[in-house]
Amino acid sequence: AVERDQQLSGPATLVSLDLVHETRKEIAPMPSFQGHLSVSRSGRRAAYFSDGDTLQVMDLTGTAKPKIIRAGFGRFEWGQDDNHILLKPGPENRSGTLSWIDISANDFEPAMHDLVYRDFRISPDARFIALMQVGKQSVLVFPFSSLLP
């Protein structure tokens, strides 16, 4: 979770909440948090937007420095591993293309043949991706393997 002081004046802090034991543990300071915190499927990495153009990827195991990726603000989800993020840049209520971000190489690659989609979701087990076409209310579901770069 992201924690801030009550006045929202200080820096944010990434915390781990154990709801069963009702405990809280500080993980790392987040000097500039602008939104969309997401934890990878393995729980080893977390990513968030630190400003409108920067995606920051943190190693939650504490063994590596945070990675800074220049990417336009948008909606993203983790891929099947801790090294790939699928991004739809731009406002959530606008259609756009999807791009893979390879975190280790800080590289972008178009996904789904660079076609424009209204929205996307990756299944919790990362076996399927659901895509909503522009101007349609139907959802297309594909095996995740068809999306890989």
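## Aromatic and charged contacts

Arg 127 is exposed, at 52% relative accessibility (exposed means over 50% relative accessible area, buried under 20%, partly exposed in between, with a 1.4 Å probe and protein chains only). This is a predicted model: local features need pLDDT of at least 70, side-chain atom pairs count only at pLDDT 80 or more, and totals for chains, interfaces and linings use all residues. Residues are numbered from 1 along each chain as its sequence is written, and side-chain values use heavy atoms, with hydrogens and water left out.

**Salt bridges**

- The structure has six salt bridges (a side-chain nitrogen of Lys or Arg within 4 Å of a carboxyl oxygen of Asp or Glu).
- Arg 127 pairs with Asp 125, and their closest N and O atoms are 3.8 Å apart. Asp 125 is partly exposed, at 45% relative accessible area.
- Arg 24 bridges to Glu 26, with 3.0 Å between the closest N and O atoms. Arg 24 is partly exposed, at 39%.
- Asp 119 and Arg 121 form another salt bridge, with the closest N and O atoms 3.3 Å apart. Asp 119 is partly exposed at 23%, and Arg 121 is partly exposed at 41%.
- A network of salt bridges links Arg 75, Glu 77, Asp 119 and Arg 121.

**Charge over a ring**

- Arg 75 also meets an aromatic ring: its charged end sits over Phe 120, 4.1 Å from the ring centre (NZ of Lys or CZ of Arg within 6 Å of the ring centre and within 35 degrees of the ring normal).

**Aromatic pairs**

- There are four aromatic pairs (rings of Phe, Tyr and Trp, the last by its six-membered ring, with centres within 6.5 Å; planes under 30 degrees apart are stacked, over 60 edge-to-face, the rest tilted).
- Phe 49 and Phe 73 are a tilted pair, because their planes stand at 45°, with ring centres 4.4 Å apart.
- That pair links distant parts of the chain, 24 residues apart: Phe 49 is in strand β5 (residues 45-51), and Phe 73 is in the loop between β7 (67-70) and β8 (74-78). Strands are DSSP runs (E, at least two residues), numbered from the N terminus.
- Phe 49 is buried, at 0% relative accessible area. Phe 73 is partly exposed, at 37%.
- Phe 49 and Phe 76 have ring centres 5.6 Å apart and planes at 75°, so this pair is edge-to-face.
- This second pair ties strand β5 to strand β8, joining parts 27 residues apart in sequence. Both Phe 49 and Phe 76 are buried.
- Ring pairs link Phe 49, Phe 73 and Phe 76 into a cluster.

Key. Helices (H or I, at least four residues) and strands (E, at least two) are DSSP runs, numbered from the N terminus.
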